[in-house]
Amino acid sequence: MDEESRSLTERLRAESGGGARYERLVATEDLDELAGVLTEAGQPLWARELAAFRLGLAGDRRAFESLVLLLNHRDPQRCVSAAHALARLGDPRTARAAAALATNELRVAYALQPVRLLAELAAPESVPALITTLRRRLHPHDPYRRVALACVDGLGALKDTRARPILNEALAHPALAEAAVRALARIPRQRGGRGTGRG
């Protein structure tokens, strides 16, 4: 069991109060049973999260919609767990969904994990979405500095030359300047072409 799985099971054990239902969902290897939790009416949120997380780790795409909802949840811990599972799900819709969440200004308070997920996925949608999100964070007194920093770090990790202009703009913002210097140092300087490798 990886660290994120351990953290989730401990958190949901406390949230659910433990008990036979919880232990069953933690232990079962029946993916149909887990998928049923996502479609049955009246299931508590902890059960839906646990089922979606386990299905995601198993690569079962029936988890996709539930995990995307959790990725944009008001509870940061649920967002972290959903991002972890989505990164391992392998669903081609994931990057598009993460990009939509990251660039939705009405939900920017919950954009941190979608931004980090985009960087991890290194999908075609990742760089444009991170640039768009970061550009919106570069006005004075923006309250979402953690989102901006995640965009800067993600663009550095993706090493795409398209990010150079927006990272140069970020240098003018004291809260972002150090991270922007690091990110720019990771991006190839050659003319033409796009450095999209990650290393």
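Tutor: Before we start, one term: two residues are in contact when they have heavy atoms within 4.5 Å of each other. This is a predicted model, where local features need pLDDT of at least 70, side-chain atom pairs count only at pLDDT 80 or more, and totals for chains, interfaces and linings use all residues. Residues are numbered from 1 along each chain as its sequence is written, and side-chain values use heavy atoms, with hydrogens and water left out.

Student: Okay, what does the secondary structure of the chain come to?

Tutor: Helices (H or I, at least four residues) and strands (E, at least two) are DSSP runs, numbered from the N terminus. Read from that end, the elements go α-α-α-α-α-α-α-α-α-α-α-α. So the tally for the chain, with helices and strands defined that way, is twelve helices and zero strands.

Student: How far apart are the centres of domain 1 and domain 2?

Tutor: Domain 1 covers 1-91 and domain 2 covers 92-188, with bounds that come from an automatic or database domain assignment. The contact takes 16 residues from domain 1 and twelve residues from domain 2. Taken over C-alpha atoms, the separation of the two centres is 27 Å.

Student: Which residues of helix 5 are buried?

Tutor: Helix 5 takes in residues 64-71 and is mostly covered, with six of its eight residues buried. Those buried residues pack against helix 3 (31-39), helix 4 (45-57), helix 6, helix 7 (94-102) and helix 8 (112-121). By name, the buried ones are Phe64, Ser66, Leu67, Val68, Leu70 and Leu71.

Student: Is helix 8 roughly parallel or roughly antiparallel to helix 10?

Tutor: Axes are lines fitted to C-alpha atoms, for helices over the stretch in contact, and angles run from 0 to 180 degrees between N-to-C directions. Under 35 degrees counts as roughly parallel, over 145 as roughly antiparallel, 65 to 115 as roughly perpendicular and the rest as oblique. The axes of helix 8 and helix 10 (residues 145-158) come within 9 Å and cross at roughly 5°. That makes the pair roughly parallel.

Student: And which residues of helix 10 does helix 8 meet?

Tutor: First, the classes: Ala, Val, Leu, Ile, Met, Phe, Trp, Tyr, Cys and Pro count as nonpolar, Asp, Glu, Lys and Arg as charged, and the others, Gly among them, as polar. The contact of helix 8 with helix 10 then has seven nonpolar, one polar and two charged residues. On the helix 8 side sit Leu112, Val115, Arg116 and Ala119, and they meet Arg146, Val147, Ala150, Cys151, Gly154 and Leu158.

Student: How do we describe the crossing of helix 1 and helix 6: left-handed or right-handed?

Tutor: Helix 1 (residues 3-16) and helix 6 (residues 76-89) pack at about 140°, with their axes 10 Å apart, and that makes helix 1 oblique to helix 6. A crossing is left-handed if the near helix is turned anticlockwise from the far one by less than a right angle, and right-handed if clockwise. This crossing is left-handed.

Student: Which residues does helix 3 bring to its contact with helix 2?

Tutor: The axes of helix 2 (residues 20-27) and helix 3 come within 9 Å and cross at roughly 125°, which means helix 2 is oblique to helix 3. Sorted by class, their contact has three nonpolar, no polar and three charged residues. Helix 2 supplies Arg21, Arg24 and Leu25, while helix 3 supplies Glu33, Leu34 and Val37.

Student: What does Ser126 touch, leaving aside its neighbours within four places in sequence?

Tutor: Ser126 is found in helix 9 (residues 126-137). Ser126 counts as buried because its relative accessible area is 0%. With those neighbours left aside, the contacts of Ser126 are Leu118 and Leu158.

Student: Where is His141 found?

Tutor: Most residues other than glycine have a negative phi. His141 is not a glycine, yet has a positive phi of about 65°. At 77% relative accessibility, His141 is exposed. Its place is the loop between helix 9 and helix 10.

Student: Is Ala122 buried or partly exposed?

Tutor: Ala122 lies in the loop between helix 8 and helix 9. Its phi is near 50°, a positive value in a residue other than glycine. With 34% relative accessibility, Ala122 counts as partly exposed.

Note on methods:
Buried means under 20% relative accessible area, exposed over 50%, partly exposed in between (1.4 Å probe, protein chains only).
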